Amino acid sequence: MNPLHRVARWAVNRKLGNLRWEDPGRLAGGVRPGRSFLYIHVPFCESICPFCMFNAHKLDRRSTQVQDYFAALKQELLMYEAAGFDFGAAYVGGGTPALVHEELAEFLEFVRERFDLAEISVEANPRISNAAVQSFQAVGIDRLSVGVQSFDDGMLERLGRLEAYGTGAEIRERVNRLLGRFRIVNVDFIFNLPGHDPEVLARDLEIAVSDGIDQLTTYPLMEAQQNRHYVDRQGRISYDLEARLYKQVILPALREHYTPVSSWCFSRKDKPEIDMLDEYVVDYFDYVGIGTGSMSLHDGRVSVNAYTLPLYQRLISRGELPVVLESAPLARRDYMLYYLMMALFGRRVNCKQFEDIFGVSLRRALWPECAALRAMGLVYAHGDHIYTNERGMYVFLMILREFFTHVNRFRSLAREASRKLEKQHLPEPQLAFEPVAGALD
Ligand SMILES: C[S@@+](CC[C@H](N)C(=O)[O-])C[C@H]1O[C@@H](n2cnc3c(N)ncnc32)[C@H](O)[C@@H]1O
Ligand code: SF4
């Protein structure tokens with residue numbers, strides 16, 4: 001691990017490790033309204049991939065699981081509406097939201113009737129059905145994000161996806177059929193599995209570039225409690241290999257035809273209408289997550305929803321916000337640092353916007369950090385903006401990887417808190433939900 005990497009890990013762990021969590025019993029006070037981004041978590045998957053770090057559950061079509069879940073999501077959304085929230089855009093993540101497209105399309109209509117959403121992004125696996133594509137087109141989805149991971153059969157086998165989602169050639173054909181059917185079709189790749197062959201990654205990207213995929217997201221493998229055994233079986237994650245793959249394979253493969261819109265997301269240069277990011281946390285300072293296990297950053301606090309489906313549904317059926325963890329308010333300086341980190345991961349800081357939000361100039365409020373970034377040659381200034389250069393892109397990829405790895409610990413904390421709460425005596429879930437408008441008044 002190089003020294004810069006050590007510093008990044010230390011700084012992220014120190015900041016996030018110092019976050020104080022409040023007693024869940026004190027959460028009844030509710031939330032303060034504001035204009036935010038809406039994240040909707042849909043946790044269902046056909047099968048669970050061994051490397052996955054997200055809150056995913058195997059879909060059971062024989063029960064009323066899906067209908068109950070969307071009924072609960074509606075109630076949660078209504079609680080935020082009743083509290084005066086306004087949502088400007090939405091991201092539906094998972095899990096695999098496209099699996100339950102009928103219920104999701106109906107739910108998105110419900111959201112649209114209440115909020116004026118400028119953009120909606122939805123995640124899918126490569127087996128997305130024609131029916132799902134049609135219902136998403138009808139409801140006006142702007143961006144479809146498909147988890148490809150690799151076109152290489154050996155990699156797909158290692159990732160436990162060959163059987164579930166087909167060969168690389170089949171996946172490539174399906175992705176090509178999706179192109180042009182949404183404003184943006186994004187494809188996710190995963191890199192830096194232990195011993196990841198650079199030539200395999202280079203071939204994957206060559207295929208993506210030659211097929212003209214609108215947007216490519218290249219995630220470095222990240223560790224979480226639920227994939228620890230898988231990662232251990234694969235070998236050791238090497239961050240030297242990660243740096244090599246990023247700098248010597250990913251950036252050179254994409255430089256000519258793609259513009260980096262964040263350290264790990266690249267959009268086609270010849271399609272300037274593609275302006276939507278993969279990371280809502282970059283573009284929107286505040287966001288509210290609804291659904292099981294989803295996270296929010298609002299009004300200076302981090303919060304996490306109930307992790308298990310039964311607890312999530314029980315809390316909602318009692319008319320309560322399903323939050324099981326909530327942090328004390330972030331210190332103002334930490335909030336500013338978070339803004340700076342996310343903006344530089346997204347390759348640009350708008351200094352004027354920073355001043356509008358915080359009432360103080362960036363260079364004055366965070367001068368030691370700004371000076372250090374310049375001295376290390378990671379950023380450059382132009383007009384009212386500070387931009388991340390290629391050297392800085394890898395540093396911010398490292399920082400974000402550490403950030404999300406730490407966030408995975410919040411997920412583990414939420415899982416533990418949910419299990420504890422479940423053990424307490426809770427009434428049986430009510431599967432039909434009563435309207436709860438005004439519950440937060
Ligand atoms: C929530 S998944 C949604 C896509 C869809 N469920 C699928 O897998 O095809 C979003 C993306 O997260 C990435 N991902 C999942 N687990 C990861 C991990 N441990 N490290 C890095 N990226 C990961 C994968 O690239 C995946 O496509
Ligand atoms: S990677 Fe996608 S399909 Fe696999 S378990 Fe995670 S969310 Fe589900």
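# Questions on a predicted model

User: Is glutamine 149 buried or exposed?
Analyst: A residue is buried if 20 or more other C-beta atoms lie within 10 Å of its own, exposed if 12 or fewer, and partly exposed in between, with C-beta atoms placed from the backbone. Glutamine 149 has 26 C-beta neighbours inside 10 Å, so it counts as buried.

User: What kind of model are we looking at?
Analyst: Residues are numbered from 1 along each chain as its sequence is written, while chains are lettered from A and ligands numbered from 1 in the order in which they are written. Local features need pLDDT of at least 70, side-chain atom pairs count only at pLDDT 80 or more, and totals for chains, interfaces and linings use all residues, because this is a predicted model.

User: In which strand does glutamine 149 lie, and what is its phi near?
Analyst: Helices (H or I, at least four residues) and strands (E, at least two) are DSSP runs, numbered from the N terminus. Glutamine 149 belongs to strand β7, residues 143-149. Most residues other than glycine have a negative phi. Glutamine 149 has a positive one, near 75°.

User: Where does asparagine 192 lie, between which elements?
Analyst: Asparagine 192 also has a positive phi, about 75°, without being a glycine. It is buried, with 22 other C-beta atoms within 10 Å. Its place is the loop between β8 (184-191) and α8 (198-211).

User: Which residues does a cis peptide bond join?
Analyst: Most peptide bonds are trans. Look in the loop between β5 (86-94) and α3 (101-114), where glycine 95 lies. With omega at about 20°, the cis bond joins glycine 94 and glycine 95.

User: What is the strand order in the open sheet of three strands?
Analyst: Two strands pair if DSSP finds at least two bridges between them. Strands β16 (348-350) and β17 (379-382) are the edges, each pairing on one side only. Three bridges join β16 to the antiparallel strand β18, residues 385-388. With antiparallel pairing, the order is β16-β18-β17.

User: At about what angle does helix α14 run to β16?
Analyst: Axes are lines fitted to C-alpha atoms, for helices over the stretch in contact, and angles run from 0 to 180 degrees between N-to-C directions. Helix α14 (residues 351-358) lies across β16 and β18, and its angle to β16 is about 50°.

User: Which residues have the most contacts inside the largest nonpolar core?
Analyst: A nonpolar core is a set of buried Ala, Val, Leu, Ile, Met, Phe, Trp, Tyr and Cys residues joined through C-beta atoms within 7 Å. The largest one has 115 residues, and those with the most contacts inside it are Ala90 and Ile399.

User: Why does this core lie between domain 1 and domain 2?
Analyst: Domain bounds come from an automatic or database domain assignment. Helix α17 (residues 390-423) gives the core its largest share, 10 residues. The core lies between the domains because residues come to it from both domain 1 (1-18 + 329-427) and domain 2 (34-283).

User: Which element gives the most to the side of domain 1 that touches domain 2?
Analyst: Two residues are in contact if their C-beta atoms, placed from the backbone, lie within 7 Å. The contact takes 18 residues from domain 1 and 20 residues from domain 2. On the side of domain 1, the elements giving two or more residues are α13 (332-345) and α17. With 12 residues, the one that gives the most is α17.
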